[in-house]
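Open the model in your viewer and keep the selection tool ready. We will go stop by stop.

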Amino acid sequence: MTTTLFEGSPAAAEFIARVDGFIDGELRPLAAEHGITHEKGPSRELLRQVWKRSHELGFYGMTLPQPMGGAGFSLVDHVLVKEHLYASGTPFAPHILGELSGPPRLGALVKQVTQDQMQRFILPVARAEMAVCFAITEPNAGSDAGALETRAVIEGDGFVLNGTKRFISGSPFCDAAVIICATGDDPAKRETTAFFVERDRPGFRIEEGYKTMAGQSHTGNIVLTDCRIPLGNQIGERGKGLALALGRITVNRLLHTPAMLGLAKLALQDAVRHAQTRRQFGQPIGGFQAVQHLLADMATELAAARALMLSVARRLDAGGDARAEASMAKLFCSETAFRIADRAVQVLGGEGIVQGSRVEFLFRLLRMYRVLTGTSEIQRNTIAKELLARAAAA
């Protein structure tokens with residue numbers, strides 16, 4: 001009997017073991033009872049049950065500072081936990097830690113908010129009592145986040161917000177949103193500021209119902225029409241909105257990679273299982289060298305991508321500068337994970353192209369990761385700029 005080396009801490013290994021108990025003992029039966037799949041998501045009410053239960057078990061606030069109930073994990077532990085969640089195959093994987101609407105969305109805000117905001121927003125999110133989303137992207141502002149058109153203007157004792165945010169993850173089931181708005185009078189200066197905006201305020205509307213190519217409906221638009229909020233909803237200093245949003249961009253890019261690799265691991269597992277059981281010409285197709293080579297390439301590239309992910313995590317844990325390396329990880333892991341899913345479809349043949357098969361879903365979902373959270377082209381731009389800047393400074 002062989003054992004798999006676990007690269008994280010004993011605390012992370014124990015955390016994963018308890019999460020497995022939650023997934024197998026509660027979430028899989030819950031998904032079966034309500035017909036929840038990767039493409040048929042849970043209702044807002046059902047998600048609230050999952051968030052609260054995850055919080056009770058100590059999972060939901062893993063990413064928070066330790067004084068607020070966080071686990072105090074290193075980035076290595078964090079990526080290993082997240083990879084394991086997605087490799088479990090549960091459709092609730094994005095919700096166990098609250099990635100779309102919970103504590104991970106708070107990021108650096110915990111250090112920027114006022115005491116009033118801590119009580120009204122941060123602590124309720126930490127306790128799974130409130131869902132929050134982070135809204136930057138607009139119809140005409142994506143990678144060029146400074147080109148925001150949504151504006152916040154001071155009127156009397158508050159701000160009035162107008163504009164549309166597009167493709168906002170977690171918005172369909174949020175209670176509040178962190179909105180990044182243009183606040184400067186001079187468009188050339190691109191001044192932006194962050195605000196908390198409650199969903200139940202007049203002029204706040206969520207447009208949902210559209211699905212991504214993976215069939216999911218986790219995203220929506222936030223439309224603000226003369227939406228008035230108090231001055232106390234401004235987060236941090238005026239003009240520091242993008243700095244606040246991008247303050248953890250290096251870490252955030254890395255933290256998207258374990259989801260991709262966990263899903264790619266599922267695709268590899270399905271391909272191996274099919275190669276063992278599908279028979280043609282009197283033998284399992286895994287006996288043919290052409291199929292063996294596909295599987296070998298999938299496993300090798302997955303191992304290489306994991307090694308890069310863990311290397312960048314260790315570098316950041318040690319306090320090193322890893323801006324270029326985090327972009328390398330996001331680029332390589334997203335491209336690699338999609339290639340693995342593509343080969344899995346090839347191994348499964350006709351079964352792999354049937355809608356409803358897991359590898360067909362993974363093919364579509366992993367294709368999206370080459371676009372989400374910064375396209376592969378944006379990552380290449382960042383890598384090249386960092387390499388050139390380092391060479392110039394040497």
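How are H1 and H2 oriented to each other, roughly parallel or roughly antiparallel? They are roughly antiparallel (angles under 35 degrees count as roughly parallel, over 145 as roughly antiparallel, 65 to 115 as roughly perpendicular and the rest as oblique).

Some ground rules first. This is a predicted model: local features need pLDDT of at least 70, side-chain atom pairs count only at pLDDT 80 or more, and totals for chains, interfaces and linings use all residues. Residues are numbered from 1 along each chain as its sequence is written, and side-chain values use heavy atoms, with hydrogens and water left out.

**Stop 1: two helices**

Select residues 10–34 for helix H1 and residues 44–56 for helix H2. Helices (H or I, at least four residues) and strands (E, at least two) are DSSP runs, numbered from the N terminus. H1 and H2 pack at an angle of about 175 degrees, and their axes are 13 Å apart. Axes are lines fitted to C-alpha atoms, for helices over the stretch in contact, and angles run from 0 to 180 degrees between N-to-C directions.

Now show side chains. On H1, pick Phe22, Glu26, Leu27, Leu30 and His34; they meet Leu46, Val50, Arg53 and Ser54 in H2. Contact means heavy atoms within 4.5 Å.

**Stop 2: helix H5**

Select residues 115–126, helix H5. Its buried residues include Met118, Phe121, Ile122 and Val125. Buried means under 20% relative accessible area, exposed over 50%, partly exposed in between (1.4 Å probe, protein chains only). The buried residues of H5 pack against H2 and against strands E1 (132–135), E4 (176–182), E5 (192–198) and E8 (234–235). After H5, find alanine 128: its phi is positive, near 65 degrees.

**Stop 3: salt bridges**

How many salt bridges does a search of the whole structure find? It finds 29. A salt bridge is a side-chain nitrogen of Lys or Arg within 4 Å of a carboxyl oxygen of Asp or Glu.

Select arginine 306 and glutamate 7. Their closest N and O atoms are 3.1 Å apart. Arginine 306 sits in helix H9 (residues 289–317), and glutamate 7 in the segment before H1, 299 residues apart. Glutamate 7 is partly exposed, at 28% relative accessible area.

Next, select aspartate 270 and arginine 358, a salt bridge at 2.7 Å, N to O. Aspartate 270 lies in helix H8 (residues 257–277) and arginine 358 in helix H11 (residues 358–368), so the pair ties together parts 88 residues apart in sequence. Aspartate 270 is buried, at 11% relative accessibility. Arginine 358 is partly exposed, at 30%.

Last, select Asp116, Arg120, Glu198 and Arg201: salt bridges with shared partners join them into one network.
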